[in-house]
Amino acid sequence: MRNYGYKEILKITWPLLVSLVMEQLIGICDTAFLGRVSEVDLGASAIAGVYYMTLYVIGLSFAFGSQVIIGRRNGEGNLSQIGGVFYQGLYVLLGLGAVVVLVTELFCEQIMGLLISSPDVLSAAVDYVNWRMPGLLFAYCAVMFRSFFLGIGRTKSLTTNSIIMVLSNVFLDWVFIFGKCGLPAMGIKGAAIASSLSVAISFLHFVVYIIGMKDRKAFNLHRPPKFDFKKALAMLKISVWTMIDGLVVMTTWLLFFVMIGHYSEHDLAISNLLRSISGLLWMFTEAFASASTTLVSNMIGEGRSDEVHLLAKRILKLTYLVVGVVLIIPLCFPMTVARVFTDIPQLAADTASLIYIISLCYIVTIPGSILWNVTMGTGNVKTTLALELIALVAYLVYCVLAMRVFVLPLSLCWLADYVYFGCLAIFYYFYLRSNRWRGKAV
């Protein structure tokens, strides 16, 4: 029987952490390079980047729902059924991705025009989205591979893939943004091209890795089945709720940046830097959170629901320990951290003054995100979505009051995250204690 102690948690989490940090470095590299170009490009990449992430999360959320099913089958020992789940999920994501890319490419300027008031920022944002969208199809496929490896608990494979993707992105950013190797300097357009190409390279690596797996026959990966509408529909019954959840979350995040955009280009640029800094910190929390979904799903599949509460406590303790150590850097050296992302003096100084706000938010971010993922691991996706929607309403109410009604300083606007994650922590804590999640079939 599988051991779910601290050692097992770290065994699953550590490779995933490296993978997520590597992936986050793509956005960080884009921000760091563009922070040396102009505030307009930096601000445009904030809104355009969050818009792209909103669409990306649709596919990611579908794959996340599939991960829950794969984890449950892995825990039950039904390995032969996992390949079918993987391939049906891949087919759905390919079709979904094609539709999303086509619609966005056709109506990109109109969509961005609804979100951005500054003509200069609008023009730069449209360039970014137009060149970033082709990579979304590869990204959708890549997240299904990631969910497969997470579901079966083999996270080491994700590390190599992420390193390859990040190294490709860093090199391509340098080439396309600044115009190296005989190419013209493309600025924000170059950042989008580099990101799309690096994601395509990541996808190709996953394909090669799967082909080389010695036990791929045990998972029924050696013979891709035909598209099965009934199986795909059964997966959607689980994944549609995570997709709605992800879309709603990212839409509210996008609205946050849209409202910041009405302040000034400078405030929007600061917020983009804060987003990147917080994003790197977030990856440490997300690694443990994602691992908790896999571990809980496998644990319940083994018929050990009584141990879920103990597992959640162990994961929370480890997350606070690791993130607490990492937070020493931004809290003690905020200006140094800010200068990593921009060489514009005033922009760096104003960003540094707000770093402590996003750093201390992890007091509530950690329990909110961990308990959210634990609840997802139980398979109770409808309840997870319902509780999160209440938290998002509270988040949006605060944003509207802070930015549209009272027009508070930027520092107070960023307190919205405290409201959101604080609500998540409270809601899921009491839900998990109620034990109403027990007995959910997946």
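Start by selecting Val393, Val397, Val400, Leu401, Val405 and Phe406: together they make a nonpolar surface patch with about 530 Å² of accessible area. Patch members have over 30% relative accessible area and no salt bridge, with nonpolar side chains (Val, Leu, Ile, Met, Phe, Trp, Tyr) joined within 5 Å and like charges within 9 Å. The areas come from the Shrake-Rupley method with a 1.4 Å probe, and for residues only the protein chains shown count as cover.

A word on what you're looking at: this is a predicted model, where local features need pLDDT of at least 70 and side-chain atom pairs count only at pLDDT 80 or more, while totals for chains, interfaces and linings use all residues. Numbering runs from 1 along each chain as its sequence is written, and side-chain values use heavy atoms, with hydrogens and water left out.

Zoom in on Phe406, in the loop between α16 (381–405) and α17 (410–413). Helices here are DSSP runs (H or I, at least four residues; strands are E, at least two), numbered from the N terminus. Phe406 has a relative accessible area of 57%, so it is exposed (exposed is over 50%, buried under 20%, partly exposed in between; 1.4 Å probe, protein chains only).

Next, colour helix α3 (residues 82–115) and helix α5 (residues 134–151). Their axes are 8 Å apart and the packing angle is about 160°, so the two are roughly antiparallel to each other. The axes are lines fitted to C-alpha atoms, for helices over the stretch in contact, and angles run from 0 to 180 degrees between N-to-C directions. Under 35 degrees counts as roughly parallel, over 145 as roughly antiparallel, 65 to 115 as roughly perpendicular, and the rest as oblique.

Now for the charged pairs. How many salt bridges does the structure hold? There are five, each a side-chain nitrogen of Lys or Arg within 4 Å of a carboxyl oxygen of Asp or Glu.

- Pick Glu76 and Arg73: their side chains meet in a salt bridge at 3.4 Å, N to O. Both sit in helix α2 (residues 39–76), three residues apart, about one turn of the helix. Arg73 is buried at 14% relative accessibility, whereas Glu76 is partly exposed at 38%.
- Jump to Arg154 and Asp215, whose closest N and O atoms are 2.4 Å apart in another salt bridge. This pair links distant parts of the chain, 61 residues apart: Arg154 is in the loop between α5 and α6 (156–178), Asp215 in the loop between α7 (188–211) and α8 (229–261).
- Finish with Arg304 and Glu307, bridged at 3.0 Å, N to O.

Back in helix α2, select Ala63. Is Ala63 buried or exposed? With 0% relative accessibility, Ala63 is buried. Draw a distance to Ser147, 84 residues away along the chain, and the C-alpha atoms are separated by 5.9 Å.

Last stop: backbone torsions. Cys181 has a positive phi, near 55°, in a residue other than glycine. Cys181 lies in the loop between α6 and α7 and is exposed at 59% relative accessibility. Asn220, not a glycine either, has a positive phi of about 60°. Look for Asn220 in the loop between α7 and α8, where it is partly exposed at 33%.
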